[in-house]
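Please read the following report alongside the sequence and the model. It takes up a sheet, a pair of helices and a single helix in turn.

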Amino acid sequence: MAAKKGVQAALVVHQLGTGYPGNRHALVDISFTIEAGQRVAVIGPNGAGKSTLIKAIVGLLQFSSGSISVCGEDCYSSHSLVGYVPQQNDIDWSFPASVYDVVMMGRSRHIGWFRLPRRADHQAVRDILEHLSLGHLAKRQISELSGGQRRRVFIARALAQDSRVLLLDEPFTGVDQHAEGEISEALDIMTRQGITILMATHHIENAAQRFDKILVLRQGETVAFGAPDDILDPQLLRQAFGASISVVGKDLLMLSRKPEGPA
């Protein structure tokens, strides 16, 4: 799938195939293109391959076939352009680091090896923390933060990195409605700055209302990719989720039971 003529594609995934030691075909022939500044949600039942896709793009998982490019560069040479917010369970929150320290880690490529942060780096971190309403938490240990605050800190780290593409893996899982709103506001800030967002989520309503496109996966394969109005079709969603989903009109979607298995 090619980007529109004259428009630089932020992320191109072409015939991607990858897997794990026990599941060699976790993803099969995945292809899609995201233009700069777009927001794309990845949905599907647990075990569909959402997290696997994100880990392959960010470079945490090797792929056996196909290609990935970020802003026109091969993904192996463009990881500095990609920010990543993993699932909460994938992070050791007991690591002794303050909010300020975590965000400063995003400046590591700018600072360079064995060098101390410069005045400009400290100013960038302070500005980002204030921009995301995290300034009052700068000295707090990350272990002391709520789930929503932790995710916003990792979004701030991606901003400090000057990421062009942000990948988020289930950022709304385990947070309350207030935290969801704060995370959404942080994503809106990144969108206004032209940053491309790819987010794995179980929140279909959120995907329908706040994202430009939706990628639907099932058992490692693409069910559909397109605008929300095209994706929110009862027959298509039942193809992806099976009997676990109920669809009422275009605005209300409900999972009648939580899917089982890994994401």
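This is a predicted model: local features need pLDDT of at least 70, side-chain atom pairs count only at pLDDT 80 or more; totals for chains, interfaces and linings use all residues.

Residues are numbered from 1 along each chain as its sequence is written, and side-chain values use heavy atoms, with hydrogens and water left out.

Helices (H or I, at least four residues) and strands (E, at least two) are DSSP runs, numbered from the N terminus. Four strands, in the order E2-E1-E4-E5, make up an open sheet with antiparallel pairing, where two strands pair if DSSP finds at least two bridges between them. E2 and E5 are the edge strands, each pairing on one side only. E4 and E5 run antiparallel and are joined by two bridges, and Ser69 stands opposite Asp74 in E5.

| Strand | Residues |
|---|---|
| E2 | 23-35 |
| E4 | 63-70 |
| E5 | 73-74 |

Helix H5 (residues 147-160) packs with helix H6 (residues 177-192) at an angle of about 10 degrees, their axes being 9 Å apart; axes are lines fitted to C-alpha atoms, for helices over the stretch in contact, and angles run from 0 to 180 degrees between N-to-C directions. H5 is therefore roughly parallel to H6 (angles under 35 degrees count as such).

In helix H9 (residues 234-241), Leu236, Leu237, Ala240 and Phe241 are buried (under 20% relative accessible area, with exposed meaning over 50%, for a 1.4 Å probe and protein chains only). Seen down the axis of H9, these buried residues fall within an arc of 115 degrees, so they line one face of the helix; the arc is that of the directions from the helix axis to the C-beta atoms. The face of H9 turned away from its buried side carries the exposed Gln235 and Gln239.

Note on methods: Angles under 35 degrees count as roughly parallel, over 145 as roughly antiparallel, 65 to 115 as roughly perpendicular and the rest as oblique.
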